[in-house]
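Work through the exercises below with the sequence and the model in view. Each task is followed by a solution in steps.

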Amino acid sequence: MTGAGDSATATSARDAAFVETMRRTGASIGVLYLLTPDEQQLLLDVLCGAPADFAVPWATIPLTAPAPVSDAVRDDRMVWLGSQEELARAYPRTAMALPYPLALVAAPVTGVRRWGALLLMWPATRPPYMTQRERGHIAASCGQLARLIEEALENGAPPVPGDRPRVLPVGTGRRAASPAMAAADFIERLPGGSCALDLEGRFSYLSAGACELLGRDAGDLLGTLPWQSLRWLDDPIYEDRYRAAVISREPVAFTVCRPPDRWLDFHMYPDASGISVRIVVSGAQAPPTPASRHTSRTATPARAGRLYQLTHLAAALTEVVSVQDVIDLVADQIMPGFGAQGLVLSSAEAGRLRITGHRGYAPGTVERLDGLPLDTGFTPAGQVLASGVPAFFADAEEMRRVYPEAPMVSGKQAWAFLPLIVSGRPVGCCILSYDRPRAFPAEDRAVMTSLAGLIAQALDRARLYDTKHDLAHGLQQALLPRALPAVSGLRVAARYLPATRGMDIGGDFYDLIPLGDTVVAAVIGDVQGHDAAAAALMGQVRTAVHAHSALGTPPDQVLSGTNRLLIDLGTDLFTSCLYAHLDLTGRRAILASAGHPPPIVRLPNRDTGPLDVPPGPLLGIDPNAVFPVTEIPLTPGLMLALYTDGLIETPGVDLDDSIADLAHHLAHADDRDLDALIDTLVGKAGPGGQRTDDIALLVLHYAAGHGQR
């Protein structure tokens, strides 16, 4: 049995190794991400050197996201970015939410399996390159973290990230040698004012001179945020200067007008423990900054952190594809960003609100709320859709006064109802809810309202995508064979896998066509494109091949006839195809190719390699094209693997090397179960299981005297 003490010990050891890594590398900020059990997301576990609020936009990162830590884990490589300019070029979405001078590295934490990623950041003052020694230190540290995770797992204490990341302090290694009073006297003798901020941005010390210049007593300011306790600092520009100092670890200066006309220079000096601030009266001409408008403004501006979060989420919403992507993004990034415990995302369909996604609600509650009319009076959803104006309820009593039954159904204590409107047309409603009463300040309302517009646009696009996708996917599935025919003496297995990015349909196809008791044709092909047009053309190609084969036409003539059909159709899409005629009685196979990758042949002695099949041109290009034929003997135990290019194409890898790798995997694969063999082969396709193209794979094993599985 394992108790809480074992888990705490494992966590403490992991945290100590993490902090030691930061010390050895000199990193100013460190983050440890852990991979979820399904290996679909990275969750922020530990943060050091920055406040937890800074990390809200990156608390959960999908493994498919274009981010340094995702690429590090997915591709099992170290990602180094030596400057903000490199970050902007390689990862523009991340750079928008992190617009500060810095250098960073993301490294995979890998042992017996992938566990997560380590992210380290430095000020831009460090050299813009990484030495081999530094790379070795970081790789060794990642290995140590992986071993600690595996030891904890063996002891029954697997690491489980909490709702918020653990924030660890960084010791500077320095100790003040002077007595405290002498230090205070020294500060008081300096001209101007001095104060200190912790990494959260709160006042932790103020000298008498600072209090005089700021116009407030120390007791009123200690423990507060400057932009909240001093109205004339309430501008995201000044909060952004603080964020820049914390993240870049470089001195920052700016000038502010303290009403009515006193200009002050602020000089910030950050390190791992906080920020020292010098305040002096400005001797420069008053600069034309937004600070001069503070005295007349009544609206509260959005915090800089909120603005960067909004920018990050806006960029993320432009990349979602399906309705499920929208739901996952709102649940994984917007809910934590506003501290919500519940989510209901509804779409307006046929006069009703259909719940398309939810979090934090019991099934019975979801069933009760699903299908409400658009003009419902049961919850505020009907009113906000009709008016287009969001509704916020800080507690259950406020909700109960207008909608008596609504609080009892959900059991929540605070709500934000956000209408999703596109060009005046209601798309749906997004509801964020809370387990405790919660006020909604003007800043939160403004940001939530802005996000609602972005969510509406994304949801509308996603619904259109899903409709087109379902149509094309249904067409494709109808055109692929439902089952392969049984052929005595031949074991066969096939697989089709869609791409993991973009619209997961395509023009890849396979077929097995009986031409007699012991004669069969095996076909595989790839129509250019990944849309409904490609799927439809795939069906026409497959039908043409089937029709020519049924007449007993030789392989080269089958391809010639199909080629003439595509030219007559006048399509702009080209098709590759490989056709194999297998005569099990005569023990021979005749193959012809139209620009298709060569099949892999495994001999009974397990010698394996690509078969030399001279290809003709792609189908649909040349009406007079000739397709050479290749004949090979069929010996018992011989195996043929026919595949499309999605199985072998990897960015940056030579095609011949990829084909050789596939042959190597086939040579060592266990052939007792062909389905398991196919799982092995497709599992090697794409980094981290990611596929930019669809895959079709057909494996034939000639085993005389044995029937198909």
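**Exercise 1. The lining of the largest cavity**

Task: Find which strands and helices each supply at least two residues of the lining of the largest cavity.

Solution. Strand 1 (29-35), strand 2 (41-48), helix 2 (68-75), strand 6 (114-123) and helix 10 each supply at least two lining residues. Helices (H or I, at least four residues) and strands (E, at least two) are DSSP runs, numbered from the N terminus. The most comes from strand 1, which gives 3 residues.

Next, take the residues themselves. The lining of this cavity consists of 20 residues, and Tyr33, Trp58, Leu98, Leu119 and Met121 lie nearest its centre. The space in the largest cavity is about 300 Å³, and the count of cavities of 30 Å³ or more comes to 4. A cavity is a set of points, on a 1 Å grid over the protein atoms alone, where a 1.4 Å probe fits but cannot get out; lining residues have an atom within 4 Å of a point. Grid points are joined across faces, edges and corners, and a volume is the space filled by probe spheres set on the points.

Two notes apply to every exercise. This is a predicted model, in which local features need pLDDT of at least 70 and side-chain atom pairs count only at pLDDT 80 or more, while totals for chains, interfaces and linings use all residues. Residues are numbered from 1 along each chain as its sequence is written, and side-chain values use heavy atoms, with hydrogens and water left out.

**Exercise 2. The nonpolar cores**

Task: In the largest nonpolar core, find which residues touch the most other members.

Solution. Start with the terms. A nonpolar core is a set of buried Ala, Val, Leu, Ile, Met, Phe, Trp, Tyr and Cys residues joined through side-chain atoms within 4.5 Å. Buried means under 20% relative accessible area, exposed over 50%, and partly exposed in between (1.4 Å probe, protein chains only).

The largest core has 62 residues, and Leu214, Phe266, Met268 and Ile279 touch the most other members. Helix 10 (residues 236-248) provides the largest share of this core, 6 residues. A second, separate core has 50 residues, including Tyr510, Val523, Ile524 and Val558.

Now look at Ile279. Apart from residues up to four places away in sequence, its contacts (heavy atoms within 4.5 Å) include Gly192, Cys195, Leu213, Leu214 and Phe266.

**Exercise 3. An open sheet and its loops**

Task: Give the strand order of the open sheet of 6 strands, then find which strands stand at the edges.

Solution. The order is 15-14-13-18-17-16, and the pairing is antiparallel. Strand 15 (372-373) and strand 16 (391-393) are at the edges with a single partner strand each, so one side of each has no neighbour in the sheet.

Strand 13 and strand 14 are joined by 7 bridges, and Glu349 has Arg352 in strand 14 as its bridge partner. Ala350 is in the loop between strand 13 (342-349) and strand 14 (352-359). Its phi is near 50°, a positive value in a residue other than glycine. Ala350 counts as exposed because its relative accessible area is 85%.

**Exercise 4. A lysine in a loop**

Task: Is Lys412 buried or exposed?

Solution. Lys412 is in the loop between helix 16 (406-410) and strand 17 (414-422). Its relative accessibility is 6%, so Lys412 counts as buried. Its side chain reaches the backbone oxygen of Gly360 at 3.1 Å. Leaving aside neighbours within four places in sequence, Lys412 is in contact with residues including Gln341, Tyr361, Tyr434 and Asp435.

Definitions and conventions
Polar contact = N/O pair within 3.5 Å; in protein donor to acceptor, adjacent residues only side chain to side chain. 1 Å grid on protein atoms, 1.4 Å probe; cavity = no way out; pocket = protein on both sides within 12 Å on 5 of 7 lines; lining within 4 Å. Pairing = 2+ DSSP bridges.
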